[in-house]
Amino acid sequence: MNRILFTAALSLALAATLSAPEARAQAHDHSGHEQHAQAGASADAAAPSSQDWIPAEVRRVDAAQQKLTLKHGDIRHLDMPGMTMPFKLAPGLLSAAQLSDMKAGDRIEVRIESRDGAPTIVEWRPAPASN
């Protein structure tokens with residue numbers, strides 16, 4: 001009830017200080033704001049994040065530079081469309097043996113974060129077998 005009174009008082013105050021057309025534009029019903037806030041919260045839950053697994057295909061392994069060149073899907077949280085590009089590996093993510101076992105054509109999934117201004121692979125796993 002206090003919210004309704006506050007909204008009414010605010011509308012009257014605006015009407016008193018603005019011309020009639022401006023007052024009509026400014027004084028509107030606020031009752032739907034709670035529903036809008038709840039909808040925004042659920043939209044945030046679906047927002048892209050660094051926790052998304054990105055499908056990728058290994059195109060090149062550069063063990064010396066600790067980089068993988070990947071043909072990857074969209075990286076939504078970095079607003080990056082699918083493309084082929086090299087990525088740094090987070091320190092200690094892959095051992096020398098794991099890097100030597102990885103070959104062009106391997107299908108993997110990665111999690112990528114921006115670190116020191118560069119997209120960096122922070123987790124990886126083999127892609128699930130396709131049917």
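Glu 57 sits in strand 1, which spans residues 54-62. The model is predicted. At 17% relative accessibility, Glu 57 counts as buried, because the cut-off for that label is under 20%.

What does Glu 57 touch, leaving aside neighbours within four places in sequence? Its contacts are Thr 69, Leu 70, Lys 71, Gly 105, Asp 106 and Arg 107.

Take Thr 69 next. This residue belongs to strand 2, residues 67-72. Thr 69 is buried too, so classed because its relative accessibility is 15%. Residues up to four places away in sequence are again left out of its contact list. On one side of the list stand Glu 57, Val 58, Arg 59 and Arg 60. Thr 84, Met 85 and Pro 86 complete it. Thr 69 and Pro 86 are 17 residues apart in sequence. In space, their C-alpha atoms are 3.8 Å apart.

Now return to strand 1, where Asp 62 is also found. Is Asp 62 buried or exposed? Asp 62 counts as buried, because its relative accessibility is 17%. The side chain of Asp 62 has a polar atom 3.0 Å from the backbone nitrogen of Gln 65.

Last, the aromatic rings. How many aromatic pairs does a search of the whole structure find? The search finds zero.

How values were computed. Residues numbered from 1 in each chain as written. Predicted model: local features only at pLDDT ≥ 70, side-chain atom pairs only at ≥ 80, totals over all residues. Heavy atoms only, no water. Helix = DSSP H or I, 4+ residues; strand = E, 2+ residues; numbered from the N terminus. Buried < 20%, exposed > 50% of the residue type's maximum accessible area, 1.4 Å probe, protein only. Contact = heavy atoms within 4.5 Å. Phe/Tyr/Trp six-rings, centres within 6.5 Å; stacked < 30°, edge-to-face > 60°. Polar contact = N/O pair within 3.5 Å; in protein donor to acceptor, adjacent residues only side chain to side chain.
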